[in-house]
Amino acid sequence: MGSAFPFEEDESFDRKVKCMADEELLEFWEESQLLENMLNAGAGTNRYVLSPEYERAILKELFLRRTRQLQTAPDTGQR
């Protein structure tokens with residue numbers, strides 16, 4: 001039986017995040033935020049939080065990637 005997930009189920013989410021391309025990672029984060037907002041709007045509450053660990057892992061990975069880009073970029077005096 002097929003799966004919509006391109007990762008092994010026993011693989012940690014932190015590991016999965018490292019394998020995603022930047023755009024894929026941003027899209028995943030945006031979609032999770034949209035889903036969370038839709039759930040909360042439909043329920044009239046803010047109690048639905050999909051997973052703070054997902055957001056933490058995604059933002060941490062994006063921060064690390066951006067830091068590496070800045071460290072390896074030639075210094076042009078502009079940032």
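## Glu-36

Glu-36 is found in helix H2. The model is predicted. Within it, Glu-36 is buried, and its relative accessible area is 17%. The cut-off explains the label: buried means under 20% relative accessible area, so Glu-36, at 17%, qualifies.

What does Glu-36 touch beyond its neighbours within four places in sequence? Its contacts there are Tyr-48, Val-49 and Leu-50.

## Lys-60

Lys-60 has its place in helix H3. Its relative accessible area is 49%, and Lys-60 is therefore partly exposed.

Asp-14 lies 46 residues from Lys-60 in sequence. In space, the C-alpha atoms of Lys-60 and Asp-14 are 9.4 Å apart.

## H2 against H3

Helix H2 covers residues 22–43, and helix H3 covers residues 52–72. Their axes come within 11 Å. The crossing angle is roughly 150 degrees. Angles over 145 degrees count as roughly antiparallel, and H2 and H3 are therefore roughly antiparallel to each other. The crossing of H2 past H3 is left-handed.

Which residues form the contact between H2 and H3? From H2 come Asp-22, Leu-25, Leu-26, Phe-28, Trp-29 and Gln-33. From H3 come Glu-55, Ile-58, Glu-61, Leu-62, Arg-65 and Gln-69. By class, the residues of this contact split into six nonpolar, two polar and four charged.

## The whole chain

The protein chain has three helices and zero strands. Along the sequence, the pattern reads α-α-α.

How much of the chain is buried? Of its 79 residues, 16% count as buried. The accessible surface of the protein chain is about 6,600 Å². Carbon and sulfur atoms account for 54% of that surface.

Contacts across the sequence can be sorted by separation. Take contacts between residues at least 6 apart in sequence. Of these, 55% join residues at least 24 apart.

Notes. Residues numbered from 1 in each chain as written. Predicted model: local features only at pLDDT ≥ 70, side-chain atom pairs only at ≥ 80, totals over all residues. Heavy atoms only, no water. Axes fitted to C-alpha atoms, helices over the stretch in contact; angles between N-to-C directions. Helix = DSSP H or I, 4+ residues; strand = E, 2+ residues; numbered from the N terminus. Parallel < 35°, antiparallel > 145°, perpendicular 65-115°, else oblique. Left-handed = near helix turned anticlockwise from the far one by under 90°. Contact = heavy atoms within 4.5 Å. Nonpolar A, V, L, I, M, F, W, Y, C, P; charged D, E, K, R; others polar. Buried < 20%, exposed > 50% of the residue type's maximum accessible area, 1.4 Å probe, protein only. Areas by Shrake-Rupley, 256 points an atom, 1.4 Å probe, with all protein chains shown as cover.
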